Amino acid sequence: MRRTLSLLVATAAIAILAPRAALAEPVHGLSMHGTPALPADFKNFPYANPDAPKGGKITYCVIGSFDNLNPFIIKSLRTTARGMIDTIYGNLVFESLMQRSADEAFSIYGLTAKSVDIDPERKWIEFHLDPNAKWSDGQQITPDDVIFTYEVFTEKGRPPYSDRMAKIEKIEKTGDNSVRFTFNDKADREFPLIIALTPIVPKHAFSKDTFDQTTLKPLVGSGPYTVAEVKPGERIVFKRNPEYWARDIPSKRGFDNYDQITIEYFLNAAAQFEAFKKGICDTFTEADPVKRERGFDFPAFKNGDIVAETFKSGLPPVVTGFMFNTRLPKFANPEVRQALGMLYDFEWANRNLFAGKYERTVSYWQGSELSAYGVPANDKEKALLAPFPDAVRPDIMDGTWRPPVTDGSGQDRKVMKQAFELFKAAGYTLQGGKMLDAQGAPFAFEILTSSEAEQRLAALYQRTLEKLGIAVTIRALEADQIQSRKQAFEFDALIGVTGFTGTLSPGIEQIGRWGSSSAQKPGSFNLAGVSSPAVDAMIDAMLKAREKEDFVAAVRALDRLLISGNYMVPFQHNSEQWIAFAKRLKHPEKTPIFGYQLPVWWSQGG
């Protein structure tokens, strides 16, 4: 018998699965674990102001360049214009079937799809499209558009969009406004939510033959904005679509408040900051508290035309650090990587570069219940890791591991001696001031950087490594050049980011960041080249977890593996979000767990 989650279950927040009654309604939202927090009759997300005034303009400024407007193709990995789909500024042109809430770990609500039916085992999901949903050219969004999207993504799209059909048995139109996805054995419990969040493209406005070609022609989408002006590499301007169909639905009420959004491009951070000081840019973020104290003394800030606020995020910090390309033989040994990790002097950096205001990053889910740092493995974790007895170091397994603490001098001999012992165990010797491998080749590598801040951190690391005879060169490249190198994995080491945001609901994206299947796939986010059966198994367990305690155990086990693997040298973080902005910009009082959300801000008076 066909089964579904009943609406009464969703509104009462009780996880009971019952047969679909004749008069039952499909559900309004889904959650990865448990049920959505908002009832079926919710009016708006709690962090959006439904009475926010519409109008005015905003200009965002970014570093880089662009020569393409199609964000779904392999050629777009380096040069797609921001805003077409965007986690920061919002999906201005292309939208998905459902909308994620920024105030829950992982819950989604109706957007293009007004409601859904889903199998209790999540073997299929059926989306019921809003009959009012339209493309920007006025044509109705149909199941045929959804089916076309997956066909063209599979044939001509980029990862991860091109990979999704591998987990789908079939897609079928089940009504004038309904489409059902049936999944195969490769799918996991998160996958239906990923399908719901995949952007949809119009069949009538794209050709399969030319889909994979870059374009600067404004594209038809279903989002709140259309492209009004394009200056390749310099500027893209979006204007509000006055006929935007979803402006009053609950998941979009209070969003998309500007009449015009402009995104200006700059070659580097210095040029971007100068533009902000001159009033060209309306927002500016700066993570470095020292730079904030020293740099914000310009007239517009002093006279109050520019204001700054700090927001508190409920997410784990984004992990940044020196990332090693483990595809290269020099970085293949985890003990060598462990030794390299010990030689980053956080204490010196925090005191001299960050005024002591940072915390060391030691876990990939730091500060949350998903973190393994300082926590002994429980029985569930031990069972998951049992097939891989040597994959996690004992001190990380029992929760006693702590990163080495230096005396802050930049040349702590005690820590350097410990690192040297690891090099010796891996067959290296120190001769004539050089670290040599068993064949007599010197250990040397290059760090790619794209900003002055990255260069300072790389120079600090370089000085310490040279004391152990490790020759490090630093190469400064433009952001576009760095991205091109990342795409082809053409680097020794670089300052990498494990994700665009921290998350309380890690899922399928972890395959792209750490999974063996992505290690050799050009354009993937697995920059370190991690290829570990143990890591793959933990990600699989995480995706299959039905109960929260099983999910937490799998993520903690993954955290232990990543820490033990020493794939990168994590830096430091400040969990506060700081942003400076033009005083005419306003925001809702409530900050969701994902931190401030620019798409719900508005302009007061212009």
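Modeller: Glutamate 446 counts as buried, because its relative accessibility is 16% and the cut-off for buried is under 20%. Please bear in mind that this is a predicted model.

Colleague: In which strand is glutamate 446 found, and which residues does glutamate 446 touch?

Modeller: Glutamate 446 lies in strand S20, residues 444-449. Leaving aside residues up to four places away in sequence, glutamate 446 touches Thr473, Arg475, Arg485, Asp492 and Ala493. The side chains of glutamate 446 and arginine 475 are joined by a polar contact of 3.1 Å.

Colleague: How should I read the angle at which the axes of H16 and H17 cross?

Modeller: Angles over 145 degrees count as roughly antiparallel. The axes of helix H16 (residues 533-544) and helix H17 (residues 548-565) cross at roughly 160° and come within 8 Å; the two helices are therefore roughly antiparallel to each other. Their crossing is left-handed.

Colleague: Which residues of H16 and H17 meet, and how do they divide by class?

Modeller: Ala534, Val535, Met538, Ile539, Ala541 and Met542 of H16 meet Phe551, Ala554, Val555, Ala557, Leu558 and Leu561 of H17. The contact has 12 nonpolar residues, with no polar and no charged ones.

Colleague: At what angle do the axes of H8 and H12 cross?

Modeller: The axes of helix H8 (residues 334-342) and helix H12 (residues 413-425) cross at roughly 165° and come within 9 Å, which makes H8 roughly antiparallel to H12. Among the residues making this contact are Glu335 and Gln338 of H8 and Gln418 of H12. By class, the contact has 9 nonpolar, 2 polar and 1 charged.

Note on methods. Residues are numbered from 1 along each chain as its sequence is written. This is a predicted model: local features need pLDDT of at least 70, side-chain atom pairs count only at pLDDT 80 or more; totals for chains, interfaces and linings use all residues. Side-chain values use heavy atoms; hydrogens and water are left out. Axes are lines fitted to C-alpha atoms, for helices over the stretch in contact, and angles run from 0 to 180 degrees between N-to-C directions. Helices (H or I, at least four residues) and strands (E, at least two) are DSSP runs, numbered from the N terminus. Angles under 35 degrees count as roughly parallel, over 145 as roughly antiparallel, 65 to 115 as roughly perpendicular and the rest as oblique. Contact means heavy atoms within 4.5 Å. Ala, Val, Leu, Ile, Met, Phe, Trp, Tyr, Cys and Pro count as nonpolar, Asp, Glu, Lys and Arg as charged, and the others, Gly among them, as polar. Buried means under 20% relative accessible area, exposed over 50%, partly exposed in between (1.4 Å probe, protein chains only). A polar contact is a pair of N or O atoms within 3.5 Å; within protein, one must be able to donate a hydrogen and the other to accept it, and residues adjacent in sequence count only if both atoms are side-chain atoms. A crossing is left-handed if the near helix is turned anticlockwise from the far one by less than a right angle, and right-handed if clockwise.
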